[in-house]
Amino acid sequence: MSDKLLKIEDLVVQYITDDGIVEAVNGLNITVDRGKTLGLVGETGAGKTTTALSIMRLIPHPPGKIISGGIELDGMDLLALNEQRLEKIRGDVVSMIFQDPMTALNPVITVGDQIAEAIMIHQKVGQAQASQKAREMLEIVGIPGNRSNEYPHQFSGGMKQRVVIAIALSCNPKLLIADEPTTALDVTIQAQVLELMKSLKVKFQMGMVLITHDLGVVAEVCDDVAIMYAGRIVEQGTLEEVFTEVKHPYTEGLFNSIPNIDDRKEKLKPIRGLMSDPYNLPKGCSFCDRCDYAMPVCETEKPPKIYFSDTHFVECHLYRDQQDFKLKGGMK
Ligand code: SF4
């Protein structure tokens, strides 16, 4: 069995609207190893959620469309599967946790029945057995099983997100996609939910894609990090590589935007400007308008992919002439 649980190659996803074509994902390549967590980091509009929905094959069509590329999950070519097969895979092989637990749960069905429903869809068990498993799942996420007959409004935000996690894990998926799972929660509850996700990842031995804009969350939970900007991965590496040997100017900007608790007089350094118009991406580097290191070549040529190790690469013209680094793949 391959170590690679998820392999996305050259994925291009567009939204075709009355105002033009939005290039949401623009030649994306990522891999997730079995049992590992990849942090997918970037600001709003970078294409993170579109990537997640592409893996789930839930891109709303129209206006969205996977134009080209490949997505392989646990050896299956996801883009070749029909809807019937995809329904079996969703929730069973791959599950997703959405940002807002308030809207992810059905308000008129008890939490126990919502978990049991997910179990009955994918496993050949009756109502009684599914309800028993639902209670067990509640216990696993830290909610007493005897609360399974309660409705979502009887739970706090953090508890609701625990219920959503219980639903997502109820069929023991191989890959969990968590899209900003703690953003809608209070800070103290965020830490609890992150701890829970970390322990469940080990318990269920699953791979995870954690979508976030928060590098603190990444440092807590992830093994590998992919920095996404304007639909592409601009830097990727192990957690240690990206956190200790920052290469891409955008990654540097993300780190500079984090407040320094030891130096409260130091001013925050936000990344200036806004992300490129997705209807009209620049010819060269998409970060060019905001980059302090921009050179004339950045305006006209797509940056090459430069590898610093087998796991750490960056897409940036800054490193193209450095002999120490291998230039692989060119401009994809
Ligand atoms: Fe900055 Fe040029 Fe690198 Fe883009 S390619 S990040 S503009 S230096």
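**Notes on salt bridges, a helix pair and a surface patch**

1. Let me start with Arg272, which is partly exposed, with a relative accessible area of 42%. The cut-offs here are under 20% for buried and over 50% for exposed, with partly exposed in between (1.4 Å probe, protein chains only). Before going on: this is a predicted model, where local features need pLDDT of at least 70 and side-chain atom pairs count only at pLDDT 80 or more, while totals for chains, interfaces and linings use all residues. Residues are numbered from 1 along each chain as its sequence is written, and side-chain values use heavy atoms, with hydrogens and water left out.

2. What does Arg272 pair with in a salt bridge? The partner is Asp292, and their closest N and O atoms are 3.2 Å apart. Both residues sit in the loop between helix 10 (249–256) and helix 11 (296–300), yet the pair links distant parts of the chain, 20 residues apart. Asp292 counts as exposed, at 66% relative accessibility. For the terms: a salt bridge needs a side-chain nitrogen of Lys or Arg within 4 Å of a carboxyl oxygen of Asp or Glu. Helices (H or I, at least four residues) and strands (E, at least two) are DSSP runs, numbered from the N terminus.

3. Arg232 and Glu315 also form a salt bridge, with closest N and O atoms 2.7 Å apart. Arg232 is in strand 10 (residues 232–238) and Glu315 in strand 12 (residues 313–315), so this pair ties together parts that are 83 residues apart in sequence. Buried or exposed, these two? Both Arg232 and Glu315 are buried.

4. Another one to look at is Lys198 with Glu220, whose side chains meet in a salt bridge at 3.5 Å, N to O. Lys198 belongs to helix 7 and Glu220 to helix 8 (residues 215–221), so the contact ties together parts that are 22 residues apart in sequence. Lys198 is partly exposed at 28% relative accessibility, and Glu220 is partly exposed too, with a relative accessible area of 42%.

5. How many salt bridges turn up in the whole structure? The search finds 12. There is also a network of salt bridges that links Arg34, Asp74 and Lys174.

6. On to helix packing. Two packed helices are described by the angle between their axes and the distance between the axes. For helix 6 (residues 157–169) and helix 7 (residues 187–204), the axes come within 10 Å and cross at roughly 15°. The axes are lines fitted to C-alpha atoms, for helices over the stretch in contact, with angles from 0 to 180 degrees between N-to-C directions. Helix 6 and helix 7 are therefore roughly parallel to each other (under 35 degrees is roughly parallel, over 145 roughly antiparallel, 65 to 115 roughly perpendicular, and the rest oblique). Helix 6 passes helix 7 in a right-handed crossing, meaning that the near helix is turned clockwise from the far one by less than a right angle.

7. Ile16, Ile21 and Ile67 make a nonpolar surface patch of about 250 Å². Patch residues have over 30% relative accessible area and no salt bridge, and nonpolar side chains (Val, Leu, Ile, Met, Phe, Trp, Tyr) are joined within 5 Å, like charges within 9 Å. Accessible areas come from the Shrake-Rupley method with a 1.4 Å probe; for residues, only the protein chains shown count as cover. Ile67 is in strand 4 (residues 64–73) and is partly exposed at 41%.
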